[in-house]
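Me: I'd like to learn how to read salt bridges in a structure. Can you walk me through some?

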Amino acid sequence: MANSEPSLRGKLQLGLQRGKNPLTLLEILNEAEAEFISREWIGFARPDQLPPAGDWLTWLMLGGRGAGKTRAGAEWVRGLALGIPPFADGPVERIALVGETFADVREVMIEGISGLLRVHETAEQPEWQPTRRRLVWRNGAVAQAFSAEDPEGLRGPQFAAAWSDELAKWRHAEATWDMLQFGLRLGTRPRQMVTTTPRPTPLLRRLIAASDTAITRATTRANRKNLAAGFIERVVGRYAGTRLGRQELEGELIEDRADALWQRAAIEAARIEAPPPLRRIVVAVDPPASERSGTCGIVAAGLDRDGIGHVIADATVAAVLPDRWAAAATRLYRRLDADALVAEINQGGDMVEAVLGQVDPGVPVTKVRATRGKWLRAEPVAALYARGRVRHAGTFPELEDELCDFGPDGLSSGRSPDRLDALVWAIAALMLGPDGEPRVRGV
């Protein structure tokens, strides 16, 4: 087959330049070439798992759970590193692998069942050097692993290609993406692939709208032959048509939830760059039920002279030791020169006040206890938004995602709406009475 490779590469490249689907290119190959391709990924991959035609910078593959996104990403990187047409004209020597965490890069992108080590034949398999966080191929190509938890780790290295996995889940998505773009500067045509189940994050929306992004979409059903027996009927059947199902199984980007208390358009319409002078500021804390129960919601809001509420900060932190979230809350209180720190005590009782007092005894704590469900507590606050009485001074993507995904049954993911809870306590403390009615006339 070695003697046929120049001819094979030429035929594949010419076909792709003419806009042909890679699978239909088998028609123009001779018997030896077709036999070779039948063993390669291009011979049995679905069209949505193969690089789109055209002069794109970013190939964005949006797909549901189990749709074959990881396999597509791993095969693309393999094709680049080995210089296999139609993925590359020759070996691409420097490649970045970016995941939500280093553990995700290793356990999913590299060592996973559809990862890079699995898609190579034994003779061509790269060497995984975990201490250096890189894969090295015999031809000299190198793929380095990076975590979205450490954007600065991408400062310095440079690449000719990159594969980013589950971008919609990245904790520091904007900073990590920016650092990756600065490093994508080798070769004559640097390119990158993004594989992700979509979520309505600002970064993902921008990529979808970009003129140099090519998009392929995959559903969980499309990969049914590689999924456990009964999964489609049991899971897909259960969630079909729901917002969670459309996002996690169909790979759809859902901007708003129809039954949510908040809508993105209304929040955008009420957005301002900076708040006016505020006559009162509170920091609200929604402590986690335990050290392993998600996040600690920490949101600050203020009230101006006209009785308008302004959301001014979201300092929510991952669930950690009590002194850590208490430090984050009191630090925000001091930075904003706030008037009070409002803390829900349902989950921790007097412990919450005690922890805050130990961290900063000078911070006055206003204890609040939830006597109604989250939806009933949130409704009066959402009504203030609907009446134009609350502004967002800046952008708070993760908080706003929760607001626009909060329906009568909570968040579609089933997680606790910690940021939303903190916001509700902050606005309620500023603008609502004990009965949930507005304190300020006319609101």
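Predicted model: local features only at pLDDT ≥ 70, side-chain atom pairs only at ≥ 80, totals over all residues.

Me: What does R264 form a salt bridge with?

Reply: The general idea is that side chains of opposite charge can pair when their charged atoms come close. Here the partner of R264 is D401, with N to O at 3.0 Å. The two sit in distant parts of the chain, 137 residues apart: R264 belongs to helix α10 (residues 264-269) and D401 to helix α14 (residues 397-403). D401 is buried too, at 10% relative accessible area.

Me: And which residue does E400 pair with?

Reply: That's R271, and the closest N and O atoms of this salt bridge are 2.8 Å apart. E400 is in helix α14 and R271 in strand β9 (residues 271-272), so the bridge ties together parts 129 residues apart in sequence. E400 counts as buried at 7% relative accessibility, and R271 does at 19%.

Me: Where do R78 and E75 lie?

Reply: Both are in helix α3 (residues 69-82), three residues apart, which is about one turn of the helix. R78 is buried at 6% relative accessibility, and E75 is buried at 3%.

Me: Which residues are linked with R78 and E75 in a network?

Reply: R71 and E124: salt bridges link these four residues in a network.

Me: How many salt bridges does the whole structure have?

Reply: The search finds 18.

Terms used: Residues numbered from 1 in each chain as written. Heavy atoms only, no water. Salt bridge = Lys/Arg side-chain N within 4 Å of Asp/Glu carboxyl O. Helix = DSSP H or I, 4+ residues; strand = E, 2+ residues; numbered from the N terminus. Buried < 20%, exposed > 50% of the residue type's maximum accessible area, 1.4 Å probe, protein only.
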